Amino acid sequence: MSYNFNYDVLVVGGGHAGCEAAIASARLGARTCLITMDMNKIAHMSCNPAVGGIAKGQIVREIDALGGRMGEVTDASSIQFRMLNRSKGPAMWSPRAQCDRMRFSAEWRRLVENTENLHIWQDEASEILVENGRIVGLRTIWGAEFHAGAVVLTAGTFLNGLMHVGDKRVEGGRCAEPAAKFLSESIESFGIKKDRMKTGTPVRIDKRSVHIEEMEVETGETDYHRFSYISPLRQLPQLVCWTCNTNAKVHEILNGGLSKSPLFNGQIQSIGPRYCPSIETKIVTFAGRESHPLFLEPEGLDTNELYLNGFSSSLPMEVQLEALRAIPALRNAVVYRPGYAIEYDFFDPTQLKHTLESKVIEGFFFAGQVNGTTGYEEAAGQGLMAGINAALKAGGSAGFTLGRDEAYIGVLIDDLVTKGVDEPYRMFTSRAEYRVLLRQDNADVRLTPYAERFGLATSERKARFHRKKECIDSLVDFCRKTSVKPAEINAYLLSVNSAPLSQSSKLFELLTRPGVEMSALAKELPALQSVLQNIAEAEKETPKFFDEIAEAAEIEVKYSGYIARERKLAEKMQRLEEIKIKGHLDYAKIHQISTEARQKLAAIQPETLAQASRIPGVSPADISVLLILLGR
């Protein structure tokens, strides 16, 4: 028997983007093969063993709502959970979980190996096969030849990866793993532009050598919040993290080693992440600061390995260790390995369509760090979308995209393909102009209908979603219709420094007041308490589910004014999204707009007028000119 090397979709790379892409593609019915260099490192957490964070947590909730698996895997391996930005409004709340690194990877491998229509091949892709401008497959370093209707590239930092520790340079995609040395050149030969980026990771420390008792403890939360809308209650013991700070002596040692830093002596030329700088970059950029916070985070339940968040470095090993030992709690630190920087190839994402398909090679999709992003979450979101679109492409169906008013994933992809990147892209809530609409609590309402459409929603997910939506709608409707008399509520209102009622008011209006909470109102209003108890009784087997319903309904009511205002703005912009301009204008001949605008528009070839308006260098005046020309 000969091995069948013919597939519908090939996915290159077994990281966070690759796993989401491969499973999504297979679940859409496409016969899929995931090609990875090491099956034992599937979805390996190369840097911080954590998922989520500011805006990143929203992306993971969206992945889950769309039927992706990152949220479920994170919940299954979580050893500390926190909801960040609680002091701000719900639009800013961002879930984050510390994970058991080994369990996280093992759970992903279990899912990948047990997904129908999905095979794994351990090998290194070395050459893409293209016929008449369309990708038809690839070759590997072992001479295997695969054929498919679509290919998704998710190679992370492995393309010509080069690691740096002081003046030592070693080729590799991450510590102790080889780089992929041939694929970039093959892709570039077809006219796709590539460049170099840099990222880094910190030292790993043996917990037994740390004076934990001298550090501040940071605990997690144990309430109902999770990443996945269908995950059970927390399965693993919850651990603590520890914090400490650098000091003047640490900075003195680091400054003394700057001449040997690849970042400052010219050894590294590529651009690193602005928002996750190395410790040596911090002491130079913020020279006036006397200290920087550091976080010691456990890598798992069954290991003494600790991750030192905030101390990414590529300084020589001896400088890193000397600086660490100048921190009192780390004075006897024993390390497993030093921090290092890594340079790798990426491809200009403005060469992509919003489906993440290449504009140069049909059927070739890119996702993750190969598009210039940083972070597991950004990679996984792209991987999910690329996997869906690759399966649709292979099956002859139209592509699927998300708008900026629908998801952070939509914002991420639009930013990449419209604006490009000049540094590793990291998602923040400030990048989303409709962040009141894109909250972590309502990701399922926004996106699960798409999961149903594509067959990515399990029967459990569909049942939970429709039940939750029905309960939220009924609870909000109850608040709109129910009147409250002054005598029923004034004592409570005065207790929270809110103006008393002079006449009856709708419960909905009361909830929009600052400081007024639904749980407190329920204690004063038997009718509201009865409604909540009925929902709780119906959901008694899943208390987390009831808590989500109550929270989501309260947010819908309390922020209804802001939500309505943003929805109007989104609808206004949608009119520009509906004006298709690709192929209708010869930008080189439009001399009424700026030279920069002509060049940018010609290079990116935006699909719509709204996309054109978001291109850096294209002014509102340029858009007005295009509108007039289109009117003609």
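## Ground rules

Buried here means under 20% relative accessible area and exposed means over 50%, with partly exposed in between (1.4 Å probe, protein chains only). Helices (H or I, at least four residues) and strands (E, at least two) are DSSP runs, numbered from the N terminus.

This is a predicted model, where local features need pLDDT of at least 70 and side-chain atom pairs count only at pLDDT 80 or more, while totals for chains, interfaces and linings use all residues. Residues are numbered from 1 along each chain as its sequence is written, and side-chain values use heavy atoms, leaving out hydrogens and water.

## Helix α19

Take α19, residues 595-604: A597, R598, L601 and I604 are buried. These residues sit on the same side of α19 because they cover an arc of only 155 degrees around the axis, going by the directions from the helix axis to the C-beta atoms.

After α19 comes Q605, which has a positive phi, near 50 degrees.

## Strand β5

With 6 of the 6 residues of β5 (residues 94-99) buried, this strand is largely enclosed by the rest of the structure. S94, R96 and Q98 point one way, P95, A97 and C99 the other, and all are buried.

Two strands pair if DSSP finds at least two bridges between them. Strand β3 (residues 50-52) runs antiparallel to β5, joined by 3 bridges, and V51 stands opposite A97. Strand β4 (residues 78-84) is also antiparallel to β5, with 6 bridges; here L84 has S94 as its bridge partner.
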